[in-house]
Amino acid sequence: MSVGEMVGQMFVVSVGGTQPDYYIEKMVRKRNIGGVILFGYNMKSEEQVESLTNSLQQLSLQTEPAVPLFVAVDQEGGDIASAPWVAQQPAASEVGSRKDPGEARAIAATMGRQLLRAGINTDFAPVVDTGFGAAIGNRSYGEDPELVARMGTAAVAGFEEAGVISAAKHFPNHGPATSDSHVSLPVIRHDVKTLQAYDLPPFEAAIEAGVPMVMVGHLVYPAIDPHYPASLSRDAISMLRRDLGFDGVVVTDDLAMAGAKGGGTPAEAAVQAVQAGADLLVLSSPPQEQADAYDAVVDAVESGEIPRSRIQNSVGRLLAVKDEYHLRGPGRH
């Protein structure tokens, strides 16, 4: 693959409507994007979503280098559930309160199977944050990291059983945050001891359970890196790799969020995230900002600011997951 084709694989971008438009077709054909993320406004019915995902997969497979797309959603159960044909499931806090990992697994397997019917092969779930802080609330299984670890690993197993790619989120732990990273940049002042005892265990458990992706959040943990949010931090991502032994796909939370941009642009955030070691960049900004972010990463590789090997490593991991989950084109999966 060329530099441009490899960089494209590292982007998961939003789509304008309920069917492919000029911009998303151009992102697939000209930039070889790795995937798309669908929101409520993209999804009216199972049939419509199946038609949308089939069209996009077909386009990607007809365009060299013919790589299938990640088609992702945030379908967690509770309030975070935008696919209208997927049966309503309880929020994680309710599931956690019953302390039955079998229930967590069954819910994930059901959601996964129902998503896959319409060609959605990736779910940015489960939330393995400990605590009910800002932006998390009932999305967490609870305030006990051991309970969250048990529930999270059960959910990972359920998605795996359904054949859907899952992502444990939001590393290192959004649970204690008192502000929402959609609109600001939370700072969590846990010392190293608290980090290891409280924040990290559910992520360690999910990694041990074979979760294919871990989503890094827009959170500053001064004990890890006083300057950058985890999503843009070399120290946070190398902790995930080195200390927690994660060799799967590191995916950023949406770079359109205020916590990532910090007053700058998604293009600047994208370059920083790649420099920090992220493999997959989620970006739901308008089409021009998506294109600018892609161009900025390509330019950084071509100028030598980002080593080509950095990109090759990420693309190797991305293709390995696509291969392992047998992502493929049109038709029922």
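Visitor: Which residues line the second largest cavity?

Guide: Keep in mind that this is a predicted model. The second largest cavity is lined by Leu219, Tyr221, Ile224, Asp225, Tyr228, Pro229, Ala230, Ser233 and Ala236. Sort that lining by class and you get seven nonpolar residues, one polar and one charged. The volume of this cavity is about 30 Å³.

Now turn to the largest cavity. It holds about 180 Å³ of space. Its lining takes in 21 residues. Glu76, Gly77, Ala92, Met111 and Tyr141 lie nearest its centre. The largest share comes from H5, with four residues. By class, the lining of the largest cavity has 15 nonpolar, three polar and three charged residues.

Finish with a strand. Strand E3 spans residues 70-73 and is covered on both faces. Phe70 and Ala72 are buried on one side, Val71 and Val73 on the other. Strand E2 (residues 35-37) runs parallel to E3, joined by three bridges. There, Ile37 stands opposite Ala72. From E2 the chain passes through helix H3 (residues 46-61) to reach E3, in a right-handed β-α-β crossover. E3 also runs parallel to strand E4 (residues 122-123), with two bridges between them. In E4, Thr122 is the bridge partner of Ala72.

Methods
Residues numbered from 1 in each chain as written. Predicted model: local features only at pLDDT ≥ 70, side-chain atom pairs only at ≥ 80, totals over all residues. Heavy atoms only, no water. 1 Å grid on protein atoms, 1.4 Å probe; cavity = no way out; pocket = protein on both sides within 12 Å on 5 of 7 lines; lining within 4 Å. Points joined across faces, edges and corners; volume = space filled by probe spheres on them. Nonpolar A, V, L, I, M, F, W, Y, C, P; charged D, E, K, R; others polar. Buried < 20%, exposed > 50% of the residue type's maximum accessible area, 1.4 Å probe, protein only. Pairing = 2+ DSSP bridges. Right-handed = clockwise from strand over helix to strand, strands pointing away.
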